[in-house]
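This report is for a reader who is new to the structure. The sequence and the model come first, and the text then goes through them part by part.

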Amino acid sequence: MPITFQKQDSDFLLVFRGDFINFEISSALNDFIKSLPENAKIKTISFNTEKLSDWDSSFVSFLYQVLLVIKEKNLGYSLENLPDNLKHLLELSFERALIPPSAKPQQSDWLEKIGDWALRVLSALKKGMSFIDETYFSFIRLLFKKAVLRKEDFLFALDDCGPKAIGIVSLISFMVGLILAFVGALQLKTFGAQIYVASLVTIGMVRIMGAIMVGIIMAGRTGASFAATIGTMQVNEEVDALRTMGIPVSDFLVLPRISALVIAMPILTCLADFMGILGGASVGILLLDITPSEFWLYAWKAFNLTNFWVGVFHGVVFGIIISLCGCYYGINCGRNADSVGVATTKAVVSAIVWMIVITGIITVILKEFNI
Amino acid sequence: MITPPAIQVENLTLAYGNRVLLKNADFSVKKGDIFIIMGASGSGKSSLLRILTGLTKPASGKILINGTDFLNASEEQQLNIMKKCGILYQSGALFSSMTLAENIALPLQQYSTYSKEDISYLVSLKLALVGLAGFEEFYPSEISGGMKKRAGLARALALDPEILYFDEPSAGLDPVSSRLLDNLMMDINQSLGTTLVVVTHELDSIFTIAKNAIFIDATTQTISARGNPHELLKNPPNENIYKFLTRGKNHA
């Protein structure tokens, strides 16, 4: 064994022999603790390193742990016989130590956890309401041309939300229309009513599916991008710089984005409606032997302006929800790289949840008015 | 047998596209040295460090680390060389989702054969060495900037490196914390014999810790001075190094 423990009267000696590279600290430490005489009085614990050859930090770790045990048991020790650099390292480990603040508060029971959660929800609600309030006043200022809104920021956001989203919105909507038609056709074909696929796809896409699909795409694409961009600005203290310059954050960061998305969303919804119907037409014409003129005739019959405006209205509302969620979580992002990811996730998830909730509310209200 | 220097740089040219930052640089760092790479902001000090640590490729040149050609080595050889090097980044670069103990344990779990318990003892030692004993369970967001640098240093020390690189270690620190970090660096150099390569333009640090230094001259894109900074101040080989070491004074 490379370590031997020797008791000489009131002294206890640790003798080291050979190499101490990558050696097992825990078993050696256990041996040391076991070999310490329980009741015998030990004045000094010292070390003999005459036959010590090579060592690495596992050896220093062992000595450090030994010293911690010695200190805990209030025993005396001497580092005299250790090589200078080893002695210096051990002294360094106990010197200049910063005192950690008192132990971190631990949540004790479930009641405290529930209370803590309720307080967090309340504070988040308050924050959310004050954010909406701030954004509302920014809009009022915009109407009176008093808001600090940079035209370049608005155009950049509009380009990002509009033209750059056309490709993905078209593709997904086309596929959704195609799936809707295909699933519907399987049922309708059983009683020879496959021609009504055109009506099904038209009403479905125009009334709500187009808007919802655009909403989900834009929440993942643009809402996430808003949260990540503003979150990174928060990490880089750019948001603080705006605040200290007295520029309302909602004017500078939220207004251009919300305006751009509110303008782009209804247009994208119309595009999604059209592409969805086109997807349905491709199934009808290619798989169900419906002629193009028949399909468009039934689609046109099913098309109704009220449904169209309901879809567009949803688009506008979803635009507001997505941009509010993206900007809110971006502005309230923490100060490290991790929190940007968290903010982005929260922005997307909350936008989708709020879109579904608001759609439910709008549907109930419209039903009350027979729309 | 003559032992090779810790780092030997031969004819190194560093460029971004057509923009040359450093031309035909030659220098070597002895084992156990505290070697400072100094120069004005934008002179290419940090870029040189990125090349030495394998993060960027130079336009041309050769780097030998402990006698092994670093740039032309296979990926596996490069990894073996880098295992013997530790790096302290400007911000500490601690992983924010991990506690300090987990940050320091990461390289040990990845590259050593120590048991979980032994790793926790090693982590305790490394934290104690940088004055952070008892901070194992703290997250980087719960400690100050100076402590983050110390914790970053503890992580850099995890695998007992032969070479330690520092990128602007004093940046963002108050004078007292900066001096404490300087002392810590000298202690590590003295006790473990680790070679330190430090990129900095902090004159206090340079005059306190440096054994040897090179000065990258942004105007000529060359190493225009080399040696001990105290000697360089006494006998400046050119005006730019004198200005740098005296905060802009002209040489009489």
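## The hairpin and sheet of chain A

In this predicted model, strand 1 and strand 2 of chain A form a hairpin with two residues between the strands, where A:Asp9 takes a positive phi near 50 degrees.

## Where the two chains meet

How many residues does each chain bring to the contact? Chain A brings 23 residues and chain B brings 23 residues. On the side of chain A that touches chain B, helix 1, helix 2, helix 3 and helix 12 (337-368) each supply at least two residues. Helix 2 of chain A gives the largest share of that side, six residues. Sorted by class, the side of chain A that touches chain B holds nine nonpolar, ten polar and four charged residues.

## Helix 4 of chain B

Helix 4 of chain B has 14 residues, and the distance from its first C-alpha to its last is 20 Å, close to the 20 Å expected at 1.5 Å a residue. Is this helix largely enclosed or largely open? Eleven of its 14 residues are buried, so helix 4 of chain B is largely enclosed by the rest of the structure. Among the buried residues are B:Asp118, B:Tyr121, B:Ser124 and B:Lys126, along with B:Leu127 and B:Leu129.

The cover over these buried residues comes from both chains: it includes helix 1 (25-35), helix 2 (57-72) and helix 3 (84-94) of chain A, and helix 3 (100-111) and helix 5 (145-156) of chain B. Just after helix 4 of chain B, B:Gly131 has a positive phi of about 80 degrees.

## Nonpolar cores

The largest nonpolar core is made of 96 residues, and B:Leu127 and B:Val197 have the most contacts inside it. Helix 4 (residues 116-129) of chain B contributes the most to this core, eight residues. Leaving aside residues up to four places away in sequence, B:Leu127 touches B:Leu100, B:Ile104, B:Leu132, B:Ala133, B:Phe135, B:Glu136 and B:Ala154.

## A paired strand in chain B

Strand 6 of chain B runs parallel to strand 7 (residues 163-167) of chain B, and four bridges join the two. B:Cys85 has B:Ile163 of strand 7 as its bridge partner.

In a regular strand, side chains alternate between the two faces of the sheet. In strand 6 (residues 85-88) of chain B, B:Cys85 and B:Ile87 point one way while B:Gly86 and B:Leu88 point the other way. All four of these residues are buried.

Which residues of chain B have a positive phi of about 50 degrees although they are not glycine? B:Asn66 is one of them, and B:Asp160 is another. B:Asn66 lies in the loop between strand 4 (60-65) and strand 5 (68-69) of chain B, whereas B:Asp160 is in the loop between helix 5 and strand 7 of chain B. B:Asn66 has 18 other C-beta atoms within 10 Å, so B:Asn66 is partly exposed. B:Asp160 also counts as partly exposed, because 18 C-beta neighbours lie inside 10 Å.

In chain A, A:Ile166 is found in helix 6 (residues 166-188). A:Ile166 is partly exposed, with 14 other C-beta atoms within 10 Å. A:Ile166 and A:Ile267 are 101 residues apart in sequence, while their C-alpha atoms are 9.8 Å apart in space.

Notes: Residues are numbered from 1 along each chain as its sequence is written. Chains are lettered from A and ligands numbered from 1 in the order in which they are written. This is a predicted model: local features need pLDDT of at least 70, side-chain atom pairs count only at pLDDT 80 or more; totals for chains, interfaces and linings use all residues. A nonpolar core is a set of buried Ala, Val, Leu, Ile, Met, Phe, Trp, Tyr and Cys residues joined through C-beta atoms within 7 Å. A residue is buried if 20 or more other C-beta atoms lie within 10 Å of its own, exposed if 12 or fewer, and partly exposed in between; C-beta atoms are placed from the backbone. Two residues are in contact if their C-beta atoms, placed from the backbone, lie within 7 Å. The expected span of a helix is 1.5 Å times one less than its number of residues. Ala, Val, Leu, Ile, Met, Phe, Trp, Tyr, Cys and Pro count as nonpolar, Asp, Glu, Lys and Arg as charged, and the others, Gly among them, as polar. Two strands pair if DSSP finds at least two bridges between them.
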